[in-house]
Amino acid sequence: MRPIATRVSQLNGEGALSVFTRAKELERDGRSIIHLELGEPDFHPAAPVVDALRDAVASGRDRYVSTRGIAPLRSAIAHYLKRTRRLEVANEEVLVAPGCKMALCLAMMALIEPGDEVLYPDPGFPIYPSFTRGVGARAVPFCLEEKNKFQPDLQEIAAKITPRTSALIFNSPNNPTGTVFSRETLEQLAALAQKHDLWVIADEIYARILFNGEFMSIRSLPGMVERTIIIDGFSKSFAMTGWRLGYAVAPKRLIDAMDMLVLNTFTCAAEFTQVAAVEALRDSTNAVDAMVVEYRKRRDLFVARLNRIPGFRCQVPNGSFYAWVNVEDTGLPAEKVANLLLEEVGVAGIAGAAFGDAGKNYLRFSLVSARHLLEDALDRIERISIRWRATVAR
Ligand code: PLP
C-alpha cells in the first residue's frame with residue numbers, strides 16, 4: 001500500500017481531547033466528573049445571536065458566498081477592532097475562516113517556506129509547533145517561565161533568531177498560562193521583528209477575556225501593520241466554539257494569498273453563521289462583559305483556594321480562562337497528579353507537557369465550569385492531596 005504523506009506524521013494532537021475521552025468513559029461508568037480539561041466555555045451565544053442565525057437560515061442565507069467572508073461581516077470586524085482595540089483596519093485586510101485554527105493554518109501556509117524557522121511560545125497552544133512542522137519548517141520554542149511571570153525573555157528570543165527565521169507566533173492572553181504580554185514586551189518583540197524582518201502572528205483569541213487594563217495589540221505599534229497577522233474569532237469571546245468562525249487581519253497582499261487558499265479548499269465559511277456573527281459583534285446584551293465578570297469570579301475563587309492546597313502553586317492569570325498550576329512540590333510527576341485527580345476524585349485537568357516541554361511540572365485547569373463545581377473540584381483536590389502531603393512536609 002502506498003504510504004500517507006510524511007507531513008501528516010509531523011503533526012501532533014491536542015492533549016485535552018484524550019483526557020476528555022477518558023473522563024467521558026468514567027462518566028459512562030457512573031462516576032461524577034468535573035470537567036476542567038477542555039477550553040470550551042460553558043456559556044452559549046447570546047439570544048439575539050441565536051435568533052439572527054435562525055432568521056438567516058429561514059430566509060435562505062445558505063448559499064456560497066465570498067471566499068473572504070461576506071462584506072457586512074468584514075466591515076463589522078473592522079469596526080469591532082476599532083471599538084475594542086483602537087485598530088484602524090480596512091475591510092480588504094480581513095478574511096473570514098471556519099475557526100481561528102483555520103485562519104492560523106491559512107496564514108502559515110501563505111507565509112512559511114519549507115526550511116524556515118518559526119519561533120513559538122513554550123508553553124503554548126500545541127498547534128503552533130505542530131502546523132509549523134506540517135508546512136516543512138522548524139519549530140523553535142521560546143520559554144515562558146514562572147520566574148519571569150510567564151513573560152518571554154527577549155534576550156532568549158533574540159539569540160534564537162537566525163537568517164532562516166521567518167515568523168514569530170505568540171498568544172496574549174496566553175493559553176495555558178493566562179499571561180498578558182506587557183506593553184514593554186510587545187514593543188521589544190516589535191523591534192526584533194522589524195530588525196530581522198519577521199512576520200508576527202498574534203493570536204488574539206483571548207483578547208476580550210481580560211481581567212485588568214485595556215488590551216493592546218502589537219499591530220497598533222509603529223511599523224507593525226505591514227508585518228502583523230492578527231488571528232481572532234468567535235469561539236471564546238462569544239462562546240461560539242461549534243459555530244466554527246474565526247478571522248485573520250493582515251496586509252492586503254497576504255489576505256489575497258490566503259483568499260487563493262480558501263478558493264482551493266473550503267470555498268467559504270457558512271453564510272448563516274456569518275450573518276449571525278455580525279449580531280454577535282454588535283453585542284447588544286453586553287454578553288461578553290457579563291461572561292468576563294463571571295470568569296473573573298471563578299479565577300479569584302479557584303486560584304486563591306488552590307494556592308492554599310499543599311504542593312500546588314498558581315500565579316494569578318490576567319486573562320483567558322485557564323489556571324496554570326505548578327505541582328512540582330507534590331513530589332509527584334505532573335502526569336501522575338493529573339491521573340490521580342481524574343481516576344480517584346473525578347477532576348479532569350491536563351498535564352502541562354501537552355503544551356510543550358516547559359509545561360512538564362504543571363497542570364492546566366480550564367475555569368469553564370460553574371463556581372459551585374469549582375468549589376467541589378477544590379474539595380476533591382484537597383481530599384486527595386493527603387497523598388503528597390508527606391512529600392511536601394519533608
Ligand atoms: N488559538 C488558541 C490560543 C486557542 O486556545 C484555541 C482554542 O483552544 C484556538 C486558537 C482555536 O480556536 P477555534 O476554535 O476558533 O479554531
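Trainee: How much space lies in the second largest pocket?

Mentor: Heads-up: this is a predicted model, where local features need pLDDT of at least 70, side-chain atom pairs count only at pLDDT 80 or more, and totals for chains, interfaces and linings use all residues. Residues are numbered from 1 along each chain as its sequence is written, and side-chain values use heavy atoms, leaving out hydrogens and water. A pocket is an open set of points on a 1 Å grid over the protein atoms alone, where a 1.4 Å probe fits, with protein on both sides within 12 Å along at least five of seven lines. Join the points across faces, edges and corners, fill them with probe spheres, and the second largest pocket comes to about 230 Å³.

Trainee: Which elements each supply at least two residues of its lining?

Mentor: Lining residues have an atom within 4 Å of a grid point, and there are 13 here, V19 and E335 among them. Going by DSSP runs (helices are H or I, at least four residues; strands are E, at least two), look at helix 2, helix 12 (334–345) and strand 12 (350–351).

Trainee: Which pocket does the ligand take up?

Mentor: A molecule sits in a pocket if more than half of its atoms lie within 2 Å of the grid points. The ligand's space is the largest pocket.

Trainee: How far is the side chain of S235 from an oxygen atom of the ligand?

Mentor: Think polar contacts, pairs of N or O atoms within 3.5 Å. N175 has a side-chain N or O atom 2.8 Å from a ligand oxygen. For S235, that distance is 2.7 Å.

Terms used
A polar contact is a pair of N or O atoms within 3.5 Å; within protein, one must be able to donate a hydrogen and the other to accept it, and residues adjacent in sequence count only if both atoms are side-chain atoms.
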